[in-house]
Amino acid sequence: MKLANSKTYLNLAKSFAGECQARTRYEFLEYGARKQGFVALADLIDKVVYNEFNHARMFYTYLQDACDCTIDNIDICSGYPFKEKWNILDNLKIAAENEEIESTKVYPEYAKIADEEGFPEIAELYRNIIQVENCHHMLFKELYEQMKNDTMYCKDEPVKWKCGSCGYEATAKSAWECCPLCQAKQGSVLLKISDGE
Ligand SMILES: [Fe+2]
Ligand SMILES: [Fe+2]
């Protein structure tokens, strides 16, 4: 079967559209976080934005490689979520839910179809992206829980905090309100997970 005549071709186009939308939705989230002073959170979301861009780029590349000529138009009929409001907490929850649907339902189905239609390389691409979307799901879920329970900057046990602006580090249960070295606000504080980060 030629890719251009397959369901996988349309699935690639739908996936490209989905990734572009996910990217934009996370830009909304990043914009809101930065505006409210959550600088470290915004920087983290920026990394997810870039992941989605690269997923979109890979889907686009496979579509382009399927045709010798310019693709004028691909008619796709597909539903996409439009649940976001302008609230960081709600949007983190929605982002976690969307990532879960993508990684457990939509992309596994597209991978299965790609295999059935004889496109193992594309099936593998979907499986590799599923791994990332699952990490996005866990990340957004964790951020949502921390924000909801007020534990983003306050832990039960002492942890190592790092200023995202100047690199100052300290071990304590709570992050500082204002960095003792550079005076950056709490929104710039990162939780230091390992010595490499
Ligand atoms: Fe993605
Ligand atoms: Fe994602």
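Predicted model: local features only at pLDDT ≥ 70, side-chain atom pairs only at ≥ 80, totals over all residues.
Here is a conversation about the helices, the sheet and a few single residues.

Me: How do you know that the length of α4 agrees with its number of residues?

Reply: Helices here are DSSP runs of H or I with at least four residues, strands are runs of E with at least two, and both are numbered from the N terminus. The expected span of a helix is 1.5 Å times one less than its number of residues. Helix α4 covers residues 120–148, and its 29 residues should span 42 Å; the end C-alpha atoms are 42 Å apart, so the two agree.

Me: And what span should α2 have?

Reply: With 27 residues, α2 should span 39 Å, and its end C-alpha atoms are 39 Å apart, which agrees.

Me: Why is α3 called roughly antiparallel to α4?

Reply: Axes are lines fitted to C-alpha atoms, for helices over the stretch in contact, and angles run from 0 to 180 degrees between N-to-C directions. Angles under 35 degrees count as roughly parallel, over 145 as roughly antiparallel, 65 to 115 as roughly perpendicular and the rest as oblique. The axes of α3 and α4 come within 8 Å and cross at roughly 165°. That makes α3 roughly antiparallel to α4.

Me: What is the handedness of the crossing of α3 and α4?

Reply: The crossing is left-handed. A crossing gets that name if the near helix is turned anticlockwise from the far one by less than a right angle, and is right-handed if clockwise.

Me: What makes α2 roughly antiparallel to α4?

Reply: The angle between α2 and α4 is about 165°, with their axes 12 Å apart. That makes α2 roughly antiparallel to α4. α2 also passes α4 in a left-handed crossing.

Me: Which residues of α2 and α4 meet?

Reply: Two residues are in contact if their C-beta atoms, placed from the backbone, lie within 7 Å. On the α2 side these are L41, V48, N51, H55, M58 and Y62, and on the α4 side I122, L125, I129, V132, H136 and L143.

Me: Why is A33 called buried?

Reply: A residue is buried if 20 or more other C-beta atoms lie within 10 Å of its own, exposed if 12 or fewer, and partly exposed in between, with C-beta atoms placed from the backbone. A33, found in helix α1, has 24 C-beta neighbours inside 10 Å, so A33 counts as buried. Leaving out residues up to four places away in sequence, A33 touches F38, L41, A42, I45 and I88.

Me: Which residues of α4 are buried, and what covers them?

Reply: They are I122, L125, Y126, I129, E133, H136, H137, F140, L143 and Y144. The cover includes α1 (7–35), α2 (39–65) and α3 (88–116). In α2, the buried residues include L41, I45, V48 and H55, and the buried residues of α2 pack against α1, α4 and β3.

Me: What makes D150 stand out, and is D150 buried or exposed?

Reply: Most residues other than glycine have a negative phi. D150 is not a glycine, yet its phi is positive, about 60°. D150 lies in the loop between α4 and β1. With 8 other C-beta atoms within 10 Å, D150 is exposed.

Me: What is the phi of Q183, and is Q183 buried or exposed?

Reply: Q183 is not a glycine either, and has a positive phi of about 70°. Q183 sits in the loop between β2 and β3, and counts as exposed because 11 C-beta neighbours lie inside 10 Å.

Me: How do you know that β1 pairs with β2 and with β3?

Reply: Two strands pair if DSSP finds at least two bridges between them. There are 5 bridges from β1 to β2 and 3 bridges from β1 (residues 154–163) to β3, and the strands run antiparallel in β1–β2 and in β1–β3. K162 stands opposite E169 in β2, while W161 has L191 of β3 as its bridge partner.

Me: Why do β2 and β3 stand at the edges?

Reply: The 3 strands form an open sheet in the order β2-β1-β3. β2 (169–174) and β3 (189–191) each have a single partner strand, so one side of each is left without a neighbour in the sheet. The twist averages 45° from one strand to the next.

Conventions: Residues numbered from 1 in each chain as written. Chains lettered and ligands numbered in written order.
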